[in-house]
Amino acid sequence: MVKRGIWKEKEYVPTSEDKFQAQQETIEGYENWKDLTAKQIEEKIEDDWELEDDDYMKEYREKRMAELKQKAEQHKFDFGMIEINKQEYEWHVKNMPPDTLGVILMYQDYVLESRLLREILEALAQKHKTRKFMKIVATKCVENFEDVDVPCLLFYKNGELYDQIAGTKCREIFGGKRMTLNTVEYVLAKEKKFLEMEFEDDPRDSLKTFNAFIHKKKAFLGKNED
């Protein structure tokens, strides 16, 4: 009947579910743009003229541009992690730019985990320049500060202490003697909300697997020491 022209085949009309699925696929595609610069976003739009008329793209573009502008306006600490003394402590905390996040590490280099954390934070300070990284020898800040309480991290914003972590908990949360730049970065971003980063997996999971293997090996060999 259709071939004879008596009536036309009914056109397919997308259901609400079809439209929702298409929208989700579009959103997922744009999520891959979150690490692009403003120039890269403009170049992608120029390469695909259909994006100019995409309502979601217009909204996403405006939002992303605003985020990039805000990030560009943030104060940059180009000098890396700085060593401070007891007399300078309050000044450095009180004179950070508004809404800037800062962290102070109280450390002792003869404590292994404390030295490792200091070295990693020094590297992160070069990478995350919108954050203020500071360090001070624990006993030069607080007389008779006990080694069991290092390393100690103190987090500040607008001149106020908003979080802290010290001693055993501080050492363990970053991965102990096997902490890496990735494990420290993960904790500072996901658990302490100090850095703005996204992670697919917790890098500490690989350490747990490795530690489990070591313990099984030592148990097999009849050794209990670390």
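Which side chain of opposite charge is nearest to the buried K132, and how many Å away is it? The structure is a predicted model, in which local features need pLDDT of at least 70, side-chain atom pairs count only at pLDDT 80 or more, and totals for chains, interfaces and linings use all residues. Residues are numbered from 1 along each chain as its sequence is written, and side-chain values use heavy atoms, with hydrogens and water left out.

K132 lies in strand β3 (residues 132–137). The residue is buried (under 20% relative accessible area, 1.4 Å probe, protein chains only). K132 has no salt bridge (a side-chain nitrogen of Lys or Arg within 4 Å of a carboxyl oxygen of Asp or Glu); the nearest side chain of opposite charge is that of E88, 9.2 Å away. A polar contact (N or O atoms within 3.5 Å, one able to donate a hydrogen and the other to accept it) joins the side chains of K132 and H92 at 3.1 Å. Leaving aside residues up to four places away in sequence, K132 touches F77, I82, H92, M96, L101, G102, V103 and F194 (heavy atoms within 4.5 Å).

The chain contains 9 helices and 5 strands (DSSP runs of H or I, at least four residues, and of E, at least two). Of its 226 residues, 35% are buried. In helix α8 (residues 181–191), the buried residues are T183, V184, E185, Y186, V187, L188 and A189. K193, which follows α8, has a positive phi near 55°.

The mean pLDDT (the predictor's confidence in each residue, from 0 to 100) is 80, with 60% of residues at 70 or more. Over residues 212–218 the pLDDT is below 50, and this stretch has 5 contacts in the model beyond near neighbours in sequence.

Terms used. Buried < 20%, exposed > 50% of the residue type's maximum accessible area, 1.4 Å probe, protein only. Lys, Arg positive; Asp, Glu negative; His and termini not counted.
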